[in-house]
Amino acid sequence: MTADHTAPVNDHRQPSKQVGSSPPKSKKYLYWLLGLSGMGLLLLLVRPLVMTSANDPTVEAAARVLPVAVLEAEPVNSYQASRSYTGEIAAVRASNLGFNRSGEVERVLVEEGDRVSQGQALAQLDIRNLQTQRQQLLAEKARAQAQLSELKTGARIEDINAAEAAVEDLEQQLKLQSKQRERREYLYSQGAIAKEELDEFAFGAGALQARLNQAQSNLEELKNGTRQEQITAQQASVRQLEASIADLDVNIDKSTLKAPFNGIVAKRELDEGTVANAGQSVIRLMEDAAPEARIGLPVRAIEQLQIGSTQTLAIGSRIYQGEVTSILPEVDSDTRTQTVVFRLDPAAMTQVNPGQIIRLELTQANNAEGYWLPTDALTQGIRGLWTCYVLTEPKDRGAENTNGDPEYYVVQQHAVEIVNQSGDKPNGMASLRALVRGTLQPGDLIVANGTHRLVPGQRVRIIEH
């Protein structure tokens, strides 16, 4: 007690020494408050972590036993992949049709998009002038044929009788002329007439003789019939007229523009009333008979095709059968593909149009080991990998779990790589499937779906399906 009372007295007496040895009471209180505040802040930071750990859904989920559907991993060493290649429908022929002669377009009989048959009329020119010329040539031919028939038949009996009568008449006149000449010569010898009168009478007799010779020649010609040269010449005249008519018929026929093959009217160039020049395009026609499909394929895919083989092609939802008719040797420098030509079946003639997109599906065999899993069994991993959940035996298999069900498994994640994805659905499942490879083993039980509910270490039980 004495020491306790003397200490403060010494402190008051020597204040200079106490300033350097211990802080004042106000600063001690401040340090004490700061310490308490730091401890409180530390408790505030640590308490959420403790509560978070206590309420962690992963830990809570792992404690529950969830029902899952599983499948058994079955290894495969190859798979078939289907690839689609596209091309287009190509017209075998396309023609710009026009008339061979100039003229006014009288009628255009088709519209764009119409399907026409071979030989069907498409357009016509005005042919009234040609028809007039044809009528004239027909009249000339009829006259020439009549003359030819007359030459072949020969002279009529009436003409022969008339010619004989003419000869007889001239003979009688010549006899009369002869007797009159004898009288004139007698009179001249008696000096009754002049020499000049006798000469005039003699010249008349000569003229009668010439006429008689001509009449006799005509009579002989009528009796002998027509000469063969005349018949041949007349026949040539008839054939010449027939050739002129045939040439005119060709021009008339060509005045009607006809389809050279079955096709589709792609474009109508001229309308009625237009004067078309020879060779000017009037109708553009594209063939639609036995349409062809041209599809570019890589060399590896072409190795599966053979000339004459039949492949399944599709235009939209419609399916057609196409025969491989040729494989063009040239490789496209841009796409590195070769063109394969397919001839479609006749049923496609009225259903497809040139330029339509057509698709070929080819199935190729590939060597690869892995397991087919439904895509619902996969979840996105890291670095481009995927994961699936595999059932493993728990260490405490015999112990009762919280639900009183000892038959449970624990799931573990396995990283896998997708090798191929298929468009079909395995075993009637709702999702597509993928070929994967990784750390899976044959016979592993893999969760088939509902992986979003699982975490590594999750307890699960198998449900029957």
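Buried, for today, means under 20% relative accessible area. Keep that cut-off in mind. The model is predicted.

Start with Thr-337. It sits in the loop between β14 (318-331) and β15 (338-344). Is Thr-337 buried or exposed? Its relative accessibility is 17%, so Thr-337 counts as buried. What does its side chain touch in polar terms? The side chain of Thr-335, at 2.7 Å. Now set aside neighbours within four places in sequence. Thr-337 then contacts Gly-296, Leu-297 and Pro-298, plus Glu-330, Val-331 and Asp-332.

Leu-297 takes us to the largest nonpolar core. That core has 20 residues. Which of them touch the most other members? Ile-295, Leu-297, Leu-313, Phe-342 and Ile-358. Several elements each give two or more residues: β3 (75-90), β12 (292-297), α9 (299-302), β13 (310-315), β14, β15 and β16 (357-374).

Take Ile-295. Again, leave out neighbours within four places. Among its contacts are Leu-313, Phe-342 and Ile-358. Ile-295 also contacts Tyr-85, Thr-86 and Gly-87, and Gln-338, Thr-339 and Val-340. Leu-360 is on the list too.

There is a second, separate core. It holds 18 residues, including Ala-123, Leu-125, Ala-259 and Ala-276.

Last, a sheet. It is open, with four strands in the order β4-β11-β9-β6 and antiparallel pairing. Which strands are at the edges? β4 (94-98) and β6 (115-116), each pairing on one side only. β6 pairs antiparallel with β9, residues 263-268, over two bridges.

Technical notes. Residues numbered from 1 in each chain as written. Predicted model: local features only at pLDDT ≥ 70, side-chain atom pairs only at ≥ 80, totals over all residues. Heavy atoms only, no water. Pairing = 2+ DSSP bridges. Buried < 20%, exposed > 50% of the residue type's maximum accessible area, 1.4 Å probe, protein only. Polar contact = N/O pair within 3.5 Å; in protein donor to acceptor, adjacent residues only side chain to side chain. Contact = heavy atoms within 4.5 Å. Core = buried A, V, L, I, M, F, W, Y, C linked by side-chain atoms within 4.5 Å.
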